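Biologist: I would like to learn how to read a protein model one feature at a time. Could you walk me through it?

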Amino acid sequence: ESGITRDRTYRGANFLGENFQLVDTGGLVFDDDANTLFAKEIRQQAQIAIQEASAVILVVDGQAGMTASDLQIAEYLRREVLPMGLPVHVAVNKCESETVGALNAAEFWNLGLGEPVPVSALHGVGTAELLEQTFDSIVEKKTAAIPDFGTKVQRLAEAKARKNSKKQLPGEDDVEYKMRKYGIGDVAKKVEADYEAALAAFDAQERPEEINVAIVGRPNVGKSSLLNSLFGDSRAIVSDMAGTTRDSIDAVMERPGETPDDQSTIYRFVDTAGIRRKGKVDFGPEFFMVNRALRAIRRADVALLILDATAGVTEQDRILAQKIADDGRACAIICNKWDAVVDKDSTTYDKSVKYIRAEMPQIRWAPILFISAETGQRVGKIYGVVDEAVKAHRKRVTTSVLNEVLRDAILWQPPPARRNGAQAKIYYCNQVSTRPPTIVVFCNDPKLINDNYRRYLDRKFRESLDGFEATPIRWLFRGRRQRDIMR
């Protein structure tokens, strides 16, 4: 189905030892009509991607042949992009056939953008050749923001040739040649050091840890508007139509510390498609959109659950809250469109918090923030909420403190007993992992600990220990005999 991609989608990649970002944009359409939804917005997103890029790859369909749309886009690239000094390459997709692939690609010489490269995205054919040509053109035109980008292989080949050459190299006098040949003196050390440095350039580069933040919610609650407000830019297409966002959009932001000595924090915000009730989702584009959104929750450190302050809490909001809690993700409840709430007074905030707590017991521990993505009201406070949620999600408490809290909780309310006289006995507990904090409780029989007592323990631990306000606590109950404990 055409028109699936609308926003810019960034993905990291590595080729020839170089890390770089690939940006996928929506299909360009220059004729605006009723059948081309968001054509203008998609063009704007593509233009932003071109302005950020070091090279541009035009992808065409080799089986369909050259179309009028291809000619329009090629004319736009020749008129607007080539004068900017950016290299432009043509990738002719669906040319996996060894016999007619090159023949199908030859037709696209008429685009006037240089040699077309036959590739197959499905089978991976020709992608290495395309990347090599792209890298060579970037090095030639020096359009990369990183100095010496794309030259690692060349530098290694030159250093290896200099090290292994048995002949006198250009610019080398007789003394230097003899010293290099027999491996003596500073000349030989420099040759060896250059070779080692060229090899070390291919080692995996350490990347700073990113905080993954998933922005989830029902359709049309303002998720993309919040992303744009956070970045101060049109990072995602926004409209009043529900389902505008179709893919999970990753956007990376580096936030400097409060003081010059503080280390900067890198956030990866993931704007997801709106998730409707399962019964309303048909197999097709929306099915895969929802699955990607659910995957974004699982790989997130913090999930921002966006609610519509004007619509209240719905059943779908509760389902998403339960999903976040089951996946063990830290969470913050973000009530958007607070500026649209009418007749607010001094008690509206407290009543709203009480209402949300009552309607969403699944994440009763999550902090609540009332914002307006459209006006930017309190949007800046999201960073502090996310930082506190990450700390809570990674918090670890010593065993002695945990058992002290456990003893107080048992003294205040003993474990339940059944009618047949079976009494639950809790011996001790310890924390075994984080993300989320996981506490193992050893007792005589886990079946005797009912859900009410488990919720009681969770509440008492949160009341007694600071720092668990934005994360679920995973409880595991294991049975052990008392004599085994005494050993």
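This is a predicted model: local features need pLDDT of at least 70, side-chain atom pairs count only at pLDDT 80 or more; totals for chains, interfaces and linings use all residues.

Biologist: How much of the chain do buried residues make up?

Modeller: Of the 487 residues in the chain, 41% are buried. The chain has 15 helices and 14 strands, taken as DSSP runs (H or I, at least four residues, for helices; E, at least two, for strands) and numbered from the N terminus.

Biologist: How many aromatic pairs does the structure hold?

Modeller: There are 13. Rings of Phe, Tyr and Trp (its six-membered ring) pair if their centres lie within 6.5 Å; planes under 30 degrees apart are stacked, over 60 edge-to-face, and the rest tilted. One of the 13 joins Y267 and F269, stacked at 5.9 Å centre to centre with 25° between the planes. Y267 and F269 are both buried. Y428 and F442 are stacked too, because their ring centres are 4.6 Å apart and their planes meet at 25°. Y428 belongs to strand β12 (residues 426-433) and F442 to strand β13 (residues 438-443), so this pair ties together parts 14 residues apart in sequence. F442 is buried, at 9% relative accessibility.

Biologist: Which residues do ring pairs link into a cluster?

Modeller: F15, F20, F135 and F149.

Biologist: Where does the charged end of K344 sit?

Modeller: Over the ring of W338, 5.5 Å from its centre. The test asks that NZ of Lys or CZ of Arg be within 6 Å of the ring centre and within 35 degrees of the ring normal. K395 places its charged end over the ring of F468, 5.9 Å from the ring centre.

Biologist: And the backbone?

Modeller: Most residues other than glycine have a negative phi, and most peptide bonds are trans. Here the bond from R435 to P436 is cis, with omega near 0°, and P436 is in the loop between β12 and β13. L16 has a positive phi, near 55°, in the loop between β1 (9-15) and β2 (18-24). K94 also has a positive phi, near 65°, in the loop between β4 (88-93) and α3 (101-106). L16 is partly exposed at 33% relative accessibility, and K94 is partly exposed at 38%.

Biologist: Is S372 buried or exposed?

Modeller: Buried, at 1% relative accessibility. S372 lies in the loop between β11 (368-370) and α12 (382-393). Leaving out residues up to four places away in sequence, S372 touches N336, K337, D339, Q377 and V379, where contact means heavy atoms within 4.5 Å.

How values were computed:
Residues are numbered from 1 along each chain as its sequence is written. Side-chain values use heavy atoms; hydrogens and water are left out. Buried means under 20% relative accessible area, exposed over 50%, partly exposed in between (1.4 Å probe, protein chains only).
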